[in-house]
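Please read them alongside the coordinates.

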Amino acid sequence: RSLPALRRAGFEIELWCWHCDDDITAERVVRLPRLGAVRVLCTHAFGFWARLKSWWTFSVRKEPRPDVIYSIAWYLPDCDVCHLQFSPWDWERRQRELGTRSLRDWIERMSNRLGLWTADRFLRRTAARRILCASDAVAADVREAFPGLAPMLGVLPNSFDPLRFNPEARSRWRTTFRHSLAFVDSDRVFIFVSTGHYRRKGFFLAAGAVAQLRRTQPRAQLLV
């Protein structure tokens, strides 16, 4: 939602990505190679291709560097602004609490260990002048791990579309939508929303909690 405002301010936008939504407009969209775009390794693979593209573009071909490079961490250390959505330190603590009970848990644990190494390397090398965190908790973890970066830290919560998510939309569509999902008025519906990382985001804990709640509140439902 900020791209139109940046363009009105005179910025020309170039995006490096694997996917780009149709409603996102930019002067140029660079689609990086998708080799390595598999579960668990995808973020590490994207970071590799972004760094290789940056080296080739600015060091080998000597193309002029943009005025501002914005990167989702931990992709491109040579950026001006990086945005942290996730704390690998917090997930490491929670993984120890949850335990490793399956091969999938072990793979996930090893992936986060690689993420911790990547985060440590990124924050020691980054040229970013500003580090934006999605929450106070993420900022606190970065501050604890790297106290020297504290002056650069800021908090920028994830945005939402107020035209879609507001009390008026709820009152307008609630009854119709509940009936389309076969919920009755007496149902108490809890919603879990995620695009992945279900264990980290608490899906199994939520399912277990609702299962216990249904012992005394049989109309409790979990919508995923």
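1. Asp90 and Arg93 both sit in helix H3, 3 residues apart, or about one turn of the helix. Their side chains form a salt bridge at 3.5 Å, N to O. A salt bridge here is a side-chain nitrogen of Lys or Arg within 4 Å of a carboxyl oxygen of Asp or Glu. Asp90 is partly exposed at 23% relative accessible area, and Arg93 is partly exposed at 31%. The classes are buried under 20% relative accessible area, exposed over 50% and partly exposed in between, with a 1.4 Å probe and protein chains only. Helices (H or I, at least four residues) and strands (E, at least two) are DSSP runs, numbered from the N terminus.

2. This is a predicted model, in which local features need pLDDT of at least 70 and side-chain atom pairs count only at pLDDT 80 or more, while totals for chains, interfaces and linings use all residues. Residues are numbered from 1 along each chain as its sequence is written, and side-chain values use heavy atoms, with hydrogens and water left out.

3. A second salt bridge to check joins the side chains of Glu92 and Arg113 (3.3 Å, N to O). Glu92 belongs to helix H3 and Arg113 to helix H4, so this pair ties together parts that are 21 residues apart in sequence. Glu92 is buried, with a relative accessible area of 7%, whereas Arg113 is partly exposed at 40%.

4. How many salt bridges does the structure hold? The count is 16. Among them is Arg61 with Glu63, whose closest N and O atoms are 3.5 Å apart. Arg61 is exposed at 52% relative accessible area, and Glu63 counts as partly exposed at 30%. Arg65, Asp78, Asp80 and Arg129 are linked in a network of salt bridges.

5. Buried residues of H4 include Asp105, Arg109, Asn112, Leu116 and Phe122. Their cover includes helices H2 (42-60), H3 (88-98) and H5 (136-145), along with strands E4 (81-84) and E5 (130-133).

6. The second largest pocket holds about 490 Å³ of space. On a 1 Å grid over the protein atoms alone, a pocket is an open set of points where a 1.4 Å probe fits, with protein on both sides within 12 Å along at least five of seven lines; lining residues have an atom within 4 Å of a point. Grid points are joined across faces, edges and corners, and the volume is the space filled by probe spheres set on the points.

7. The lining of this second largest pocket has 14 residues, with Arg170, Trp173, Arg174, Phe177 and Ile191 nearest the centre. Helix H6 (167-180) and strand E7 (188-191) are the elements giving two or more residues to the lining, and H6 supplies the largest share, 6 residues. By class the lining has 9 nonpolar, 1 polar and 4 charged residues. Nonpolar covers Ala, Val, Leu, Ile, Met, Phe, Trp, Tyr, Cys and Pro; charged covers Asp, Glu, Lys and Arg; the others, Gly among them, are polar.

8. Asp187 lies in the loop between H6 and E7. At 2% relative accessibility, Asp187 counts as buried. Apart from neighbours within four places in sequence, Asp187 is in contact (heavy atoms within 4.5 Å) with Arg178, Ala182, Arg219 and Gln221.
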